Amino acid sequence: MASSSGQNGIQLLLAAEQEAQHIVNAARTAKQARLKQAKEEAEKEIAQFRAQMEADFQKKVAESSGDSGANVKRLEQETDAKIQHLKTEASRISHDVVQMLLRHVTTVKN
């Protein structure tokens with residue numbers, strides 16, 4: 001009988017060990033699944049954050065380029081006004097300049 005109860009004890013220990021191994025394996029599998037799920041959630045959050053930051057950046061670029069477009073237009077207008085002013089002045093004094101050049105070219109000095 002002693003041998004029979006010893007066999008029962010060994011069988012109980014083996015069964016308990018197998019059950020413990022199943023519990024540990026199930027815990028490992030659950031941990032790996034949770035880590036995978038957490039990684040996927042983090043990647044989604046990163047993608048959302050990146051998209052939000054990109055949208056903010058594009059918005060700022062659009063705002064700043066709109067301002068530079070207005071600046072370019074203003075500078076073009078100022079440049080055109082200055083060119084027109086120079087043309088007007090040149091046509092106003094061109095006759096006097098031509099007369100002065102002719103006088104200096106045709107005057108002979110000894």
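Is R34 buried, partly exposed or exposed? R34 counts as partly exposed, because its relative accessibility is 45%. Buried means under 20% relative accessible area, exposed means over 50%, and partly exposed lies in between (1.4 Å probe, protein chains only).

1. A word on the basis. This is a predicted model, in which local features need pLDDT of at least 70 and side-chain atom pairs count only at pLDDT 80 or more, while totals for chains, interfaces and linings use all residues. Residues are numbered from 1 along each chain as its sequence is written, and side-chain values use heavy atoms, with hydrogens and water left out.

2. Overall form. The protein has one helix and zero strands (DSSP runs, H or I of at least four residues for helices, E of at least two for strands, numbered from the N terminus). Its radius of gyration is 46 Å, well over the 13 Å that the globule rule gives for 110 residues, so the protein is more spread out than a compact globule. That radius is taken over C-alpha atoms, and the rule is 2.2 Å times the number of residues to the power 0.38. The C-alpha trace spans about 150 × 35 × 10 Å along its principal axes.

3. A distance to check on screen. S64 lies in helix α1 and is 55 residues from G9 in sequence, with 81 Å between their C-alpha atoms.

4. Surface. Of the 110 residues, 0% count as buried. The protein exposes about 10,400 Å², and carbon and sulfur atoms supply 60% of that area (Shrake-Rupley method, 1.4 Å probe; for residues, only the protein chains shown count as cover).

5. Salt bridges. The structure holds three of them, each defined as a side-chain nitrogen of Lys or Arg within 4 Å of a carboxyl oxygen of Asp or Glu. R34 pairs with E41, their closest N and O atoms being 4.0 Å apart; E41 is partly exposed at 36%. E78 and R74 meet at 2.9 Å, and both lie in helix α1, four residues apart, about one turn of the helix. R92 and E89 are joined at 2.6 Å, N to O. R92 counts as exposed at 55%, whereas E89 is partly exposed at 27%.

6. Nonpolar patch. I93, V97, M100 and L101 make a nonpolar surface patch of about 320 Å². Such a patch takes residues with over 30% relative accessible area and no salt bridge, joining nonpolar side chains (Val, Leu, Ile, Met, Phe, Trp, Tyr) within 5 Å and, for charged patches, like charges within 9 Å. L101 lies in helix α1, residues 2–106, and is partly exposed at 48%.
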